[in-house]
Amino acid sequence: MKKVLIINGGQNFGHSGGKYNQTIADNTLAVLKEFDNVEVKITNVSETYDKNEEVEKFVWADYIVYHTPIWWFQLPNGLKKYIDEVFTAGHAKGIYMSDGRKAENPEINYGTGGMLGGRKYMLTTSWNAPATAFTLPGEFFSEKSVDEGPLFGFHRMNAFVSLEKMESFHFHDVEKNANVERDMTLYRAHVRNVFEKELKPELVS
């Protein structure tokens with residue numbers, strides 16, 4: 001039995017009601033239910049949580065799926081607070097032991113003290129920005145992808161605790177040109193493909 005932790009980073013703040021990311025989380029769960037060897041736990045960061053119980057969930061999981069909107073090119077405040085609290089509580093309790101360096105040679109091995117080795121994570125983000133803002137010459141993100149540009153630090157954070165990255169999925173132009181049916185159809189296919197490789201490798205070998 002493989003274990004998946006879904007972290008829904010959507011929240012009600014300003015003009016955001018968190019509904020889009022709830023829909024993404026619901027679609028993730030629907031696809032995972034297609035597999036008969038998966039157990040799922042879900043955390044909504046907008047709800048009350050116990051940071052120590054969340055540490056236990058990270059240690060319990062084989063896979064972590066993050067769903068987050070992007071606000072001002074960064075994680076929303078609720079998800080950032082969740083990560084700050086849970087990862088700090090996880091020091092020497094299963095998330096990370098140290099920054100990995102040794103006193104005899106502190107110049108090397110930074111970022112190798114994570115304790116979540118053998119586990120993987122997948123990221124989804126939702127943007128007002130269109131996909132072309134990341135790909136066209138002269139556009140806003142200077143041809144840097146979401147993962148290599150704005151979310152680079154998020155991925156290094158996960159590497160710091162020894163999580164291995166799976167293929168991300170990014171929703172674009174969700175304020176002006178959202179097509180939920182189309183986008184969720186594409187997304188479900190993505191989740192199915194990613195987890196078939198993990199859970200049913202004989203089907204894709």
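Are Glu54 and Lys57 buried or exposed? Glu54 is buried, and Lys57 is buried too. Buried means under 20% relative accessible area, exposed means over 50%, and partly exposed lies in between (1.4 Å probe, protein chains only).

The views below show a predicted model, in which local features need pLDDT of at least 70, side-chain atom pairs count only at pLDDT 80 or more, and totals for chains, interfaces and linings use all residues. Residues are numbered from 1 along each chain as its sequence is written, and side-chain values use heavy atoms, with hydrogens and water left out.

**View 1. A salt bridge joins Glu54 and Lys57.** The N to O distance is 3.0 Å. A salt bridge is a side-chain nitrogen of Lys or Arg within 4 Å of a carboxyl oxygen of Asp or Glu. By this rule the count comes to 7 salt bridges. Glu54 and Lys57 sit 3 residues apart in helix H2 (residues 51-60), so about one helical turn separates them. Helices (H or I, at least four residues) and strands (E, at least two) are DSSP runs, numbered from the N terminus.

View 2. Asp84 is partly exposed at 37% relative accessibility. Lys80 is partly exposed at 40%.

**View 3. Glu34 meets Arg192 in a salt bridge.** The N to O distance is 2.9 Å. Glu34 lies in the loop between helix H1 (19-32) and strand S2 (38-44), and Arg192 in helix H5 (residues 180-199), so the pair ties together parts that are 158 residues apart in sequence. Glu34 is partly exposed, with a relative accessible area of 44%. Arg192 is also partly exposed, at 26%. Why can such side chains pair? Opposite charges can pair when the charged atoms come close.

**View 4. Gln11 makes a polar contact with Asn77.** Gln11 belongs to the loop between strand S1 (2-8) and H1. At 10% relative accessibility, Gln11 is buried. Its side chain contacts that of Asn77 at 2.9 Å. A polar atom of the Gln11 side chain also lies 2.8 Å from the backbone nitrogen of Gly78. A polar contact is a pair of N or O atoms within 3.5 Å; within protein, one must be able to donate a hydrogen and the other to accept it, and residues adjacent in sequence count only if both atoms are side-chain atoms.

**View 5. The largest nonpolar core holds 33 residues.** A nonpolar core is a set of buried Ala, Val, Leu, Ile, Met, Phe, Trp, Tyr and Cys residues joined through side-chain atoms within 4.5 Å. Ile7, Phe58, Ile64, Tyr66, Tyr82, Phe87 and Phe154 touch the most other members. Two or more residues come from each of S1, H2, strand S3 (63-69), H3, strand S4 (120-126) and helix H4 (152-160). H3 gives the largest share, 6 residues. Not counting residues up to four places away in sequence, Phe58 touches residues including Leu5, Ile95, Leu116 and Arg119. Contact here means heavy atoms within 4.5 Å.

**View 6. A second, separate core has 22 residues.** Among them are Tyr20, Ala25, Met184 and Phe195.
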